[in-house]
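User: I am new to this structure. Please take a close look at one part, the nonpolar core, and describe what surrounds it.

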Amino acid sequence: IRDRYQRRVRGRQKLSPYILMADNSVDQSSNQLLPLELVDKCIGSRLWIIMKGDKELVGTLLGFDDYVNMVLEDVIEFETAPDGTITPRKLDQILLNGSNVCLLVPGGEGPIDNLEKKK
């Protein structure tokens, strides 16, 4: 997986296999997990995706590309209204544009399940 990731980013100057630590030292440990490697490990499992705006999605990741455009199945879309109510909608399969994604939560259950657990 690491070789495939390095092939994807070859020629891109802004991405580096090094991690800049808080004390300005550089960590090049072999046990680090690169971002696309983490997304690759999530294929076939459920993801909670928080989008720009008022939408969140929970679905099974089937695949993705370098821009983190994703194909998801068994999707539930949660839309939050201005009054705070959450409306779920079921979708069979979608292609999600990665430019609108803010956060990916592997194994996440979505906003409704989290609200019920807090009670």
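Analyst: The largest nonpolar core has 15 residues, and those with the most contacts inside it are I49, L57, L61, M70, L72 and L96. Two or more residues each come from helix 2 (35-41), strand 3 (46-51), strand 4, strand 5 and strand 6. This is a predicted model, and what follows was computed from it.

The chain holds three helices and seven strands, arranged from the N terminus as α-β-β-α-β-β-β-β-β-α. Of its 119 residues, 28% are buried. Among contacts with a separation of 6 or more, 46% are between residues 24 or more positions apart. The accessible surface of the chain is about 8,100 Å², and carbon and sulfur atoms account for 52% of it.

L61 is one of the core residues with the most contacts. Neighbours within four places in sequence aside, L61 is in contact with V39, C42, I43, G44, S45, L47, M70, V71 and L72. Of these partners, M70 and L72 are also listed among the core residues with the most contacts.

Strands of a sheet pair through backbone hydrogen bonds, either parallel or antiparallel.

Within this sheet, strand 3 and strand 4 pair in the antiparallel sense over five bridges. I50 has E56 in strand 4 as its bridge partner. E56 counts as buried because its relative accessibility is 17%, which is under the 20% limit for that label. The side chain of E56 makes a polar contact with the side chain of W48 at 2.8 Å. Leaving out residues up to four places away in sequence, E56 touches W48, I49, I50, I76, E77, F78 and P111; I49 is one of the core residues with the most contacts.

Helix 2, which also gives residues to the core, contains another glutamate, E37. E37 is buried, with a relative accessible area of 5%. Its side chain reaches the backbone nitrogen of L34 at 2.8 Å.

Strand 5 (residues 70-80) and strand 6 (residues 86-96) run antiparallel and are joined by 10 bridges. E73 in this pairing stands opposite Q93 in strand 6. The hairpin of the two strands has five residues between them, and G84 there takes a positive phi near 95 degrees.

V68, in the loop between strand 4 (55-64) and strand 5, has a value of about 60 degrees. D74, which lies in strand 5, has a value of about 50 degrees. Most residues other than glycine have a negative phi. D74 is partly exposed, with a relative accessible area of 48%.

Note on methods
Residues are numbered from 1 along each chain as its sequence is written. This is a predicted model: local features need pLDDT of at least 70, side-chain atom pairs count only at pLDDT 80 or more; totals for chains, interfaces and linings use all residues. Side-chain values use heavy atoms; hydrogens and water are left out. Two strands pair if DSSP finds at least two bridges between them. Helices (H or I, at least four residues) and strands (E, at least two) are DSSP runs, numbered from the N terminus. Buried means under 20% relative accessible area, exposed over 50%, partly exposed in between (1.4 Å probe, protein chains only). Contact means heavy atoms within 4.5 Å. Accessible areas come from the Shrake-Rupley method with a 1.4 Å probe; for residues, only the protein chains shown count as cover. A nonpolar core is a set of buried Ala, Val, Leu, Ile, Met, Phe, Trp, Tyr and Cys residues joined through side-chain atoms within 4.5 Å. A polar contact is a pair of N or O atoms within 3.5 Å; within protein, one must be able to donate a hydrogen and the other to accept it, and residues adjacent in sequence count only if both atoms are side-chain atoms.
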